[in-house]
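Dear colleague,

My notes on it follow, and I would be grateful if you would read them beside the coordinates.

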Amino acid sequence: MTASDTHRAIDAVWRIESAKLIAGLTRIVRDVGLAEDLAQDALVAALERWPESGVPDNPGAWLMATAKHRAIDIFRRSERIERKHEELVPELRERQETAVSELDAALDDDIGDDVLRLIFMSCHPILSREARTALTLRLLGGLTTDEIARAFLVPEPTIAQRIVRAKRTLADAHVPFEVPRGAELSARLSSVLEVIYLVFNEGYSATAGDDIVRPALCEDALRLGRILAELDPEEPEVHGLVALMEIQASRLRARVGPSGEPILLLDQDRGRWDHLLIRRGLAALERAEKLKGANGAYALQAAIVACHARARTADETDWRRITSLYDALAEVAPSPIVELNRAVAVAMAYGPAEGLELVDALRSEPALRSYHLLPAARADLLEKLGRFDEARAEFERAASLTRNVRERDFLLGRAQANTNNI
C-alpha cells in the first residue's frame, strides 16, 4: 500500500470512527473538549505511524488505545496529578484491553450508546440552539468548521467561536454525560432531532470532498433516530424524523452513478431503491400521524418524500400534493430553503415559468447568497424555458459555489450542455 493509499484509508477510518472515539473518550474524561483533543492526537499518531507499519486490523481500537495512553500522560503531568491519577488511571488501564468489547456492548444497550449520550450532552439547554447544532455536527458528523459554516450559511469564524465557547461552557458547568429521562429528555429533544437530521443530511449529500454520499453518516443517524423512537415512543416528531430518514436512505444506491456522479431524483432507477426502508419509513410516518403529529415539521417532510416513494415512475409523482405539503411546512418551519424547495415543486406542478418567478424572488435573500442550489435550481428552470445562455451562466455560478468535486463536475457538465444548445 502506497503512502497516498494509507492516507486515504486513514481518512476513511476517521470518518467512520471519530464520533464513537470522541464519545467513548468523553465518557472517560468527562470533558468533551479534551476528548476531541485526545482523538485528534490519536489521528496525528496514525498519520505518522501507519504509512510505515500499515493500517491495523482494528483501526478504531488502535485509535482508542492511543488516545487513552495520551490521556494518562496528560493527567500525570497536570497540576491535579494525585486526584486525577487516583480517579482515572486505573480505569483507563483496565479499559485499554477491553476497548472494542466495551464499545460494542454500548451499542447493544438501548440507553447505553455513547454517541447518543454525546448528542444529548452537546444539546444541553445551557448552550444556545446554534451552538448545540454546530458542536454536535463537529463532534458527531466529523464536519470541519468551514463545512458547518456552509451548512448554516454563516461565516466560518462565527462557527469556530460557537464551538470553542460551547466546549468551554459544558466543561465549566460539569454537564453530565448521560441520556436524560422524563421532562428533561423532552426539553432537549427538538435540538437532538435537528442535529441527527443534519448529520443524516451530510451523509445524504456531502458538503465537500470526492463523494456525493457518505452512507456511514446516514446509518449512524438512522440508528440514533431508531433508539430515540424507543426511548420516547409517544413523541410523533421522533417517528416523523425516522420516517423521513428511512425513505431518503432508500435512495442512496440510486443517487450515484457508476463513475461516482450524482443522479437526480427524477432520473433515478427506482428499481434500485431499497423497498424495505421505504416500508419502514411509511410505517413510521403512519405512527407519527396516529399520534396526531401529521403537521410536525419532520412528518410533513416525510410525507413529501413519501409522495416520491409511492410513485412507480417519475411521471406519476403527485406534485400538487407536494406543493401543498410545502405550503404547510412553510407555515410550521419557515426558512429560505423551504421556500426554494417549494418553488421547485410549484415549477413541477404548474410549469417552470411560475417556479422561476418564485426562485427569482429569493435571489436577494442574504442566507442564500452562497447557497449553490439556488443558482442550480434557477438554471434548471431557465433550461426548461429554452433560455440556454442564462442557464449556462447559472450552472457555472452554482459549480463555483459548491465544495463537492462530483457535484461541481456535474454542474459544469450541464453548463456545457447548455452551451451546445445555444
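Of the 105 residues in the largest nonpolar core, Ile196 and Leu228 touch the most other members. Helix 14 gives the most to this core, namely 11 residues. A second, separate core has 13 residues, including Ala343, Ala347, Leu368 and Tyr371. A nonpolar core here is a set of buried Ala, Val, Leu, Ile, Met, Phe, Trp, Tyr and Cys residues joined through side-chain atoms within 4.5 Å. Buried stands for under 20% relative accessible area, exposed for over 50%, and partly exposed for what lies in between (1.4 Å probe, protein chains only).

Please note that this is a predicted model, in which local features need pLDDT of at least 70 and side-chain atom pairs count only at pLDDT 80 or more, while totals for chains, interfaces and linings use all residues. Residues are numbered from 1 along each chain as its sequence is written, and side-chain values use heavy atoms, with hydrogens and water left out.

Not counting residues up to four places away in sequence, Leu228 touches Leu116, Phe120, Leu189, Val192, Leu193, Ile196 and Val238; contact means heavy atoms within 4.5 Å.

Helix 14 comprises residues 297-310. Helices (H or I, at least four residues) are DSSP runs, numbered from the N terminus. From first to last C-alpha, the 14 residues of helix 14 reach 20 Å, close to the 20 Å expected at 1.5 Å a residue; the expected span is 1.5 Å times one less than the number of residues. Because 12 of its 14 residues are buried, helix 14 is largely enclosed by the rest of the structure. Among the buried residues are Tyr298, Ile304, Cys307 and His308. The buried residues of helix 14 pack against helix 10 (182-204), helix 12 (236-249), helix 13 (275-290) and helix 15 (319-332).

Helix 2 (residues 32-53) has 22 residues and should span 32 Å; its end C-alpha atoms are 30 Å apart, which agrees. Helix 2 bends by about 30 degrees at Leu47, and Pro51 follows within four residues. The bend is the angle between axes fitted to the seven residues ending at a residue and the seven starting there. Just after helix 2, Gly54 takes a positive phi of about 90 degrees. The buried residues of helix 2 include Glu36 and Trp50.

Arg378 lies in helix 18 (residues 373-384) and counts as buried, at 8% relative accessibility. Its side chain makes a polar contact with that of Glu394 (3.5 Å). Such a contact is a pair of N or O atoms within 3.5 Å; within protein, one must be able to donate a hydrogen and the other to accept it, and residues adjacent in sequence count only if both atoms are side-chain atoms. Leaving aside neighbours within four places in sequence, Arg378 also contacts Leu356, Val359, Asp360 and Arg363, among others.

Pro258, in the loop between helix 12 and helix 13, is exposed, with a relative accessible area of 84%.

A disulfide is taken as a pair of cysteine sulfur atoms within 2.5 Å, and by this rule the count is 0. For Cys123, the nearest cysteine sulfur is that of Cys218, 19 Å away. Cys123 is buried at 1% relative accessibility, and Cys218 is buried with a relative accessible area of 1%.

With kind regards

Note on methods. Helix = DSSP H or I, 4+ residues; strand = E, 2+ residues; numbered from the N terminus.
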